[in-house]
Structures are given as C-alpha cells and as structure tokens.
Amino acid sequence: MADPDACRIDVWLWRARFAKTRSIAAALVEAGAVRLTHQGRQSRLDKPSRVVHPGDAVLIVRDGRLIEVRVQALGERRGSPDAARALYSVLPASGETRS
C-alpha cells in the first residue's frame, strides 16, 4: 500500500509545474539536477521513483538557476498554475545563478 503522505519526485515536479511532462521531470532527476533535503539530510536524487514528503526541501537546477522550495502539499492531480503554487513555498536563497 502506498504512503498517503509521500509522492514520487517526478510526479510532484510535474504537479507543481516545474516540468511540462513527467518524462521531463524524470529526466531532470536522472541528470542529477534535483536534490532533496529530508529530515535534515540532503541527497542528490538519481531515480524518479524517490519520494518527497510535506516539509521536505527540494533544490532544482534549471537553466543555470537554482530554485529551492519547501514542499507544502503533494496534490492529487496536475491543476492550474495557482493550484501548483499552493504545493510549495519558495525558500529565500532561491533564484541565485551559478557562476
């Protein structure tokens, strides 16, 4: 039985609209562009099947930008952009560019 308080990272990235498709979300994870901080431990995710929980921090590297968010909710489906923004809160250090 699946954990109702957890969600696959590729599904969550898609629901939160960080990727247009689950395939793109999975490719981001497999490329090492997603890090997860769960219970104070940070790890670089390597498989799209890894799970996230509310309260986890997710760091995404896209187009030379770092986007760091806190997971607020998992969502039931991919909804509107407003619904997607309700799934996370942007952390203060987000948006920095890599040199």
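Thr37 stands opposite Ala57 in β5. Arg35 has Leu59 of β5 as its bridge partner. Both positions belong to a predicted model, in which local features need pLDDT of at least 70, side-chain atom pairs count only at pLDDT 80 or more, and totals for chains, interfaces and linings use all residues. Residues are numbered from 1 along each chain as its sequence is written, and side-chain values use heavy atoms, with hydrogens and water left out.

Strand β2 covers residues 34-38 and strand β5 residues 57-62. Their pairing is antiparallel, over four bridges. Strands here are DSSP runs (E, at least two residues), numbered from the N terminus. Two of them pair if DSSP finds at least two bridges between them.

## The β5-β6 hairpin

Strand β6 spans residues 65-71 and pairs with β5 in the antiparallel sense over six bridges. Leu59 has Glu68 as its bridge partner in β6. Two residues lie between β5 and β6 in this hairpin. In the turn, Asp63 has a positive phi of about 55 degrees.
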